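Here are my notes for anyone opening this one for the first time. Have the viewer ready and follow the numbered points.

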Amino acid sequence: MIKAVITPLCLTLLLGAALRLPAQTPASANPAVEEGVRRQAAQIALRQKLVEARAAEQRHDLPTAAKLYGDAWRLVEDIGPGIEVEAQQTVAGLTAVRMELARAAQDRGDYRGAQVQSNEAMRVNSHDEAAVAFKRANQKLIDQQVGHVA
């Protein structure tokens, strides 16, 4: 008899407690809050990439610096407005590093490699006069080379 009373009583208490528990919901059901958190995380990552890129540039590890500045540029594009200072730093760093790599490639006679590097610089900074002049001069070297290379 006791077992017959205790079992339904336990079930009632268990179900009652379960009904009072809230359903599991995502930490943030608000898309605007999620977007804000995502942008803030991207800004932190951007600042870290810039620190790492500058350090690589100071070590004269230009390929690594170029990659890091490229990663930073992708973050700038993802974040959008509101990070003007970081965007300017990214553009300046990426342009300087890519143009230095372009000049080094041109000095080695690797005009196609120089073209790739200058194109990358101009992708983010198309109005840089030095990059535009370099690209024009490099293109002349490529045109002169056509027919002379076996």
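1. Start at Gln-43, which is found in helix α2. Is this residue buried or exposed? Gln-43 has a relative accessibility of 19%, and because the cut-off for buried is under 20%, it counts as buried. Setting aside residues up to four places away in sequence, Gln-43 touches Ile-79 and Ile-83.

2. A word on what you're looking at: this is a predicted model. The average pLDDT for the protein is 86, and 79% of the residues score at least 70.

3. Now the overall layout. The protein has six helices and zero strands, so the pattern along the sequence is simply α-α-α-α-α-α. Of its 150 residues, 32% are buried. Take the contacts between residues at least 6 apart in sequence: 58% of them join residues at least 24 apart.

4. Back to α2, this time with α3 as its partner. A pair like this can be summed up with two values: two packed helices are described by the angle between their axes and the distance between the axes. For α2 and α3, the axes come within 8 Å and cross at roughly 160°. That angle makes α2 roughly antiparallel to α3, since angles over 145 degrees count that way. The crossing of α2 past α3 is left-handed. By class, this contact has 13 nonpolar, two polar and eight charged residues.

5. Helix α2, residues 31–58, also meets α4. Here the axes come within 11 Å and cross at roughly 30°. How do the two helices run relative to each other? They are roughly parallel, because the angle falls under 35 degrees. As α2 passes α4, the crossing is left-handed. On the α2 side you'll find Leu-46, Arg-47, Leu-50, Arg-54 and Glu-57; they meet Glu-86, Gln-89, Thr-90, Ala-96 and Val-97 in α4. Sorted by class, the contact has four nonpolar, two polar and four charged residues.

6. Follow the chain out of α2 and you get to His-60, in the loop between α2 and α3 (62–79). Have a look at the backbone here: phi of His-60 is near 65°, a positive value in a residue other than glycine. His-60 is exposed, with a relative accessible area of 64%; the cut-off for that label is over 50%.

7. Next, pick out Val-91 in helix α4. Its relative accessible area is 16%, so Val-91 is buried. Which residues does Val-91 contact, leaving aside neighbours within four places in sequence? They are Trp-73, Val-124 and Asn-125. Try the distance to Met-122 as well: Val-91 and Met-122 are 31 residues apart in sequence, and their C-alpha atoms are 9.7 Å apart in space.

8. Asn-125 is in the loop between α5 (111–124) and α6 (129–145). Despite the loop setting, Asn-125 is buried, with a relative accessible area of 19%. Not counting residues up to four places away in sequence, Asn-125 touches Val-91 and Thr-95.

9. Last stop: Ala-131, which lies in helix α6. With a relative accessible area of 1%, Ala-131 is buried. Its contacts, apart from neighbours within four places in sequence, are with Met-99 and Met-122. How far is Ala-131 from Ala-121, C-alpha to C-alpha? The separation is 7.3 Å, for two residues that sit ten apart along the chain.

Methods: Residues are numbered from 1 along each chain as its sequence is written. This is a predicted model: local features need pLDDT of at least 70, side-chain atom pairs count only at pLDDT 80 or more; totals for chains, interfaces and linings use all residues. Side-chain values use heavy atoms; hydrogens and water are left out. pLDDT is the predictor's confidence in each residue, from 0 to 100. Axes are lines fitted to C-alpha atoms, for helices over the stretch in contact, and angles run from 0 to 180 degrees between N-to-C directions. Helices (H or I, at least four residues) and strands (E, at least two) are DSSP runs, numbered from the N terminus. Angles under 35 degrees count as roughly parallel, over 145 as roughly antiparallel, 65 to 115 as roughly perpendicular and the rest as oblique. A crossing is left-handed if the near helix is turned anticlockwise from the far one by less than a right angle, and right-handed if clockwise. Contact means heavy atoms within 4.5 Å. Ala, Val, Leu, Ile, Met, Phe, Trp, Tyr, Cys and Pro count as nonpolar, Asp, Glu, Lys and Arg as charged, and the others, Gly among them, as polar. Buried means under 20% relative accessible area, exposed over 50%, partly exposed in between (1.4 Å probe, protein chains only).
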